[in-house]
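Open the model in your viewer and keep the selection panel at hand.

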Amino acid sequence: MNAFPGRTARAEQGWFKAHKWLLLRRASQLGILVLFLAGPLAGIWIVTGNLSASMTLEVLPLTDPLLLAQSMLSGAWPVMSGLIGALIVLVFYALVGGRVFCAWVCPVNLVTDLAAWLGRRLDIRASGRIPRDARYWLLGLVLLFPLATGVIAWEYLNPVSIAHRGLIFGMGWGWTLLLAVLLYDLFVVRRGWCGHLCPVGAFYGLIGVKPAVRVAAAGRERCDDCMDCFAICPEPQVIKPALKGAAQGIGPLIADMHCTNCGRCIDVCGKNVFGFTLAYRRAGLGLSEPVGDGASAVAATRHPVSSQPGG
Amino acid sequence: MSTERQKSGKTLDRRQFIASVMKTACGVGLLGLGLGLYSQGATSLPAWAIRPPGALPEDDFNGACIRCGLCVRDCPFDMLHLAKLGEEVPTGTPYFIAREAGCEMCEDIPCVSACPTNALDHALTDIREADMGLAVLIDQESCIAFQGLRCEVCFNVCPVRGEAITLDMQHNARSGKHARFVPVVHSEHCTGCGKCEEACILDVAAIKVLPRHLAKGQLGAHYRLGWEQKREAGGALVTPDAEHRYNLPEGMEYEHGGRGLIPEVVPGQPASPVPDNPLDVLNRKGAL
């Protein structure tokens, strides 16, 4: 494992360019937290509620569609603002990429990114292996609970909502759950939570199967196989088809729905291989939807560890 | 050996695939079992925690509420809490503690309006119809009204004043000459807002809001109160009432209102059987 992925990018393009998307992402994550916290801490009420459901400036409702689905499966019928809020969230993430939530909004990402960073720096090899499709099993379980028991059981354990609600309304023992996620990611399975288990991420991934915003390895002919992108990527299996699929006619678009659009591959690449693309511009760049799109997604889930980076 | 088998064909691929699926299924199943058992225990609401107005029955509430905290934020009196992980109240759900701050019963019920899921039922439009719990004067030994002292704080702070709590004037047997004004809660008017418990002047409140299912008794369904049945039917439903016959002195009747034996009033005759002139009595046939 490369302890310092992005070293060449840093040397050639400067620190800021090599951290551009990371800085933007952190600004987004923290900015959203600040919007929620400005009310309770400073009395500036811009957004109330939390990620489960919120109200912005008393006009814009936003609702977590997965939570609302669980609520409805338990037999409740939401009010209009709840439904509209969920619809807005669905449409937004369908456009920008479902897992943009994971990389740009979710507070647990700060914890799991820290675990990944510590793992690289301290050379801790979390060697546990679980299939990356375990999250879909969990998602099924999460939806089955309210249907079978009438209780949103997942909310007793969900680190995403417990972390965000905890930061805004009081953490209680919630920090132990985040510590557990950190230690699990660091010592048991690398990227174990966000990349293998989290049913919230799985759900958002399913929303954004064909988003308008995607990363493409447009300059893949320049790739010098430094492996930095694989080392930094939270879902490294998504890169391989796009970066190395030229011979099979796959790519260069990263079409896998597990890609979180975090942009770290763009940051760490010293050869400017990667970049964000918009759907309507893809034709112009010669980045048509790859033929092997569906096949590569299936391959990624059926052979979850096959494209893990070498040590 | 495994490499040899992997090369040899598809059977093992299938076997490996099934094994890996089973492994995942078992792992997720175990997690689900743990989570299910934990959630069964964790969904019980302790009696000291009261849900906001309009909350669905507890079982339905735990399915409908998405733990967003919008009701907490929209409460103008800031008296709702969201349960933290590790508290006795189901994680992330809203509640209040009556002794700390009761519900102020806003006319427009902003907490209900804020709820995106109907966990706080939007059908509740009149706050007086709210059913957060039921106040119970649970400790008559320490309530000073039962000692014959004047307090009546719970009666006076009650937002449904004079209806949900009334004062029952009783004889004070201790002094023998005073009254005591005992607060009585009426379950059909009490909303469970908790203002009485909040205001109770004791160190520990003698009047407490309890979940209705803990506070209320229920008469057996087979019970019939005879006098109500009779009133509804307009008469006795079983053997017709036989008119009671008294063996009274002639010209007398019995009044049940407290006057007892009184002279019968016959129209056209004087009210008293004893005429003004004593000779008339003496001359009456059979009088002696």
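The tour starts with the ground rules and then moves to the selections.

This is a predicted model: local features need pLDDT of at least 70, side-chain atom pairs count only at pLDDT 80 or more, and totals for chains, interfaces and linings use all residues. Residues are numbered from 1 along each chain as its sequence is written, chains are lettered from A and ligands numbered from 1 in the order written, and side-chain values use heavy atoms, without hydrogens and water.

**Stop one: the contact.** Select heavy atoms within 4.5 Å across the chains. You pick up 46 residues from chain A and 38 residues from chain B. The buried area (accessible area, 1.4 Å probe, lost on putting the two together, summed over both) is about 3,300 Å². Carbon and sulfur atoms give 71% of that area. Now colour A:W137, A:Y156 and A:F169: they supply 23% of the area that chain A buries against chain B, more than any other three residues.

**Stop two: polar pairs.** How many residue pairs are in polar contact between chain A and chain B? There are 10, both residues at pLDDT 80 or more. Salt bridges (a Lys or Arg side-chain nitrogen within 4 Å of an Asp or Glu carboxyl oxygen) between the chains number zero. A polar contact is a pair of N or O atoms within 3.5 Å; within protein, one must be able to donate a hydrogen and the other to accept it, and residues adjacent in sequence count only if both atoms are side-chain atoms.
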